[in-house]
Amino acid sequence: MWSEDHFKTSADGQTWYLSLDKEQGCGFQTKQRYRFGWFSMKLKLVGGDSAGVVTAYYMCSDTGAGPERDELDFEFLGNRTGEPYLIQTNVYKTGVGNREMRHMLWFDPTEDFHTYSILWNTHQIVFFVDRVPVRVYKNNNKPNNFFPNEKPMYLFSSIWNADDWATRGGLEKTDWKKAPFVSSYKEFKSDGCKWEDPYPACVSTTTKNWWDQYDAWHLTDFQKEDFAWVERNLVIYDYCKDTQRFPELPEECSLSPWE
């Protein structure tokens, strides 16, 4: 998307490297838009002291930060050496987000590649880490202002500096002497409905595509076991439990991820 001199590939072209220095970061996007499907990428995050550095992997209906955009976010929040990375996920509908969750990971994401995936259909959005569901975001199958299911989305990834908020609320600043900060990517996979104007046939079928069949509308029994473990051990913040911030909890918070 910008700063091509900060983008490099391996000799075989199969691994991509995005770098951040004090001047700028880097990002890429798909040419194709999708509406519903399974989207997956392997990432290895910036190692060492990465305070203030954010690596983002997300889907968005707008190529910029449009005020009416729909968006599904993975954001990986860097930290001081030895402190764990945090994953922040967020969901936007018509430009409105404020639906953050934060999780710890059960591994060091800087040592090797791990798979981060999004399942998106009209019934639920599930964020996965190595096929383990870490967040389930349900639809009530009625017209609403919280579930993005109308606009096709591009896929993006980027690395950028956010030391005004990313690490301990902005208390830990980026140590630019450690730059460049490099994140690595490989094995992007999409199994989704490619958008074709005015309306692709695959959006409305529930028979041809596994990600839009009944079994993908809910977590499986095995996924529920994994999700329960994540809920017990890894959740750092859930906006649906933040009654100070939301004295009246948003409508979607009443929907059970287990159903």
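Reader: Is R69 buried or exposed in this model, and what is its relative accessible area?

Author: R69 is buried, at a relative accessible area of 13%, where buried stands for under 20%, exposed for over 50% and partly exposed for what lies in between, computed with a 1.4 Å probe on protein chains only. The model is a predicted one, in which local features need pLDDT of at least 70 and side-chain atom pairs count only at pLDDT 80 or more, while totals for chains, interfaces and linings use all residues. Residues are numbered from 1 along each chain as its sequence is written, and side-chain values use heavy atoms, leaving out hydrogens and water.

Reader: With which residue does R69 form a salt bridge?

Author: Side chains of opposite charge can pair when their charged atoms come close. The rule applied here asks for a side-chain nitrogen of Lys or Arg within 4 Å of a carboxyl oxygen of Asp or Glu, and by this rule the count comes to 10 salt bridges. R69 pairs with E71, their closest N and O atoms being 2.7 Å apart, and E71 is also counted as buried because its relative accessibility is 9%.

Reader: Which parts of the chain does the pair of E252 and R99 tie together?

Author: The closest N and O atoms of this salt bridge are 2.9 Å apart. E252 belongs to the segment after β14 (235–238) and R99 to the loop between β7 (86–92) and β8 (101–104), so the pair links parts that are 153 residues apart in sequence. Strands here are DSSP runs of E with at least two residues, helices are runs of H or I with at least four, and both are numbered from the N terminus. E252 is buried at 8% relative accessible area, and R99 is buried at 6%.

Reader: How does accessibility look for K178 and D175?

Author: K178 is partly exposed, with a relative accessible area of 44%, whereas D175 counts as buried at 18%; their side chains meet in a salt bridge of 2.9 Å, N to O. Elsewhere, salt bridges that share partners join D49, R80, R168 and E172 into one network.

Reader: What is the strand order of the open sheet?

Author: Strands of a sheet pair through backbone hydrogen bonds, either parallel or antiparallel. In this work two strands pair if DSSP finds at least two bridges between them. The open sheet of 7 strands runs β1-β2-β13-β4-β9-β10-β11, with antiparallel pairing; β1 (7–9) and β11 are its edge strands, each pairing on one side only. From one strand to the next the twist averages 25 degrees. Within the sheet, β9 (residues 114–120) and β10 (residues 124–129) run antiparallel and are joined by 5 bridges, and W120 stands opposite I125 in β10. Helix α1 (residues 221–233) packs on the sheet, touching β10 and β11, and its direction makes about 90 degrees with that of β11. For such angles, axes are lines fitted to C-alpha atoms, for helices over the stretch in contact, and the values run from 0 to 180 degrees between N-to-C directions.

Reader: Which residues touch the most other members of the largest nonpolar core?

Author: A nonpolar core is a set of buried Ala, Val, Leu, Ile, Met, Phe, Trp, Tyr and Cys residues joined through side-chain atoms within 4.5 Å. The largest one has 55 residues, of which Y57, L72, F74, F76, Y116 and W120 touch the most other members. Strand β4 (residues 34–44) gives the most to this core, with 6 residues. A second, separate core of 5 residues includes Y58, C60, Y154 and F156.

Reader: Where is N139 placed, and which residues does N139 touch?

Author: N139 sits in the loop between β11 (132–138) and β12 (154–161), and counts as buried because its relative accessibility is 9%. Contact means heavy atoms within 4.5 Å; setting aside residues up to four places away in sequence, N139 touches T122, H123, N144, F146, F147, N149 and L255.

Reader: What is the relative accessible area of C26?

Author: C26, which is found in strand β3 (residues 26–29), is buried at 0%.
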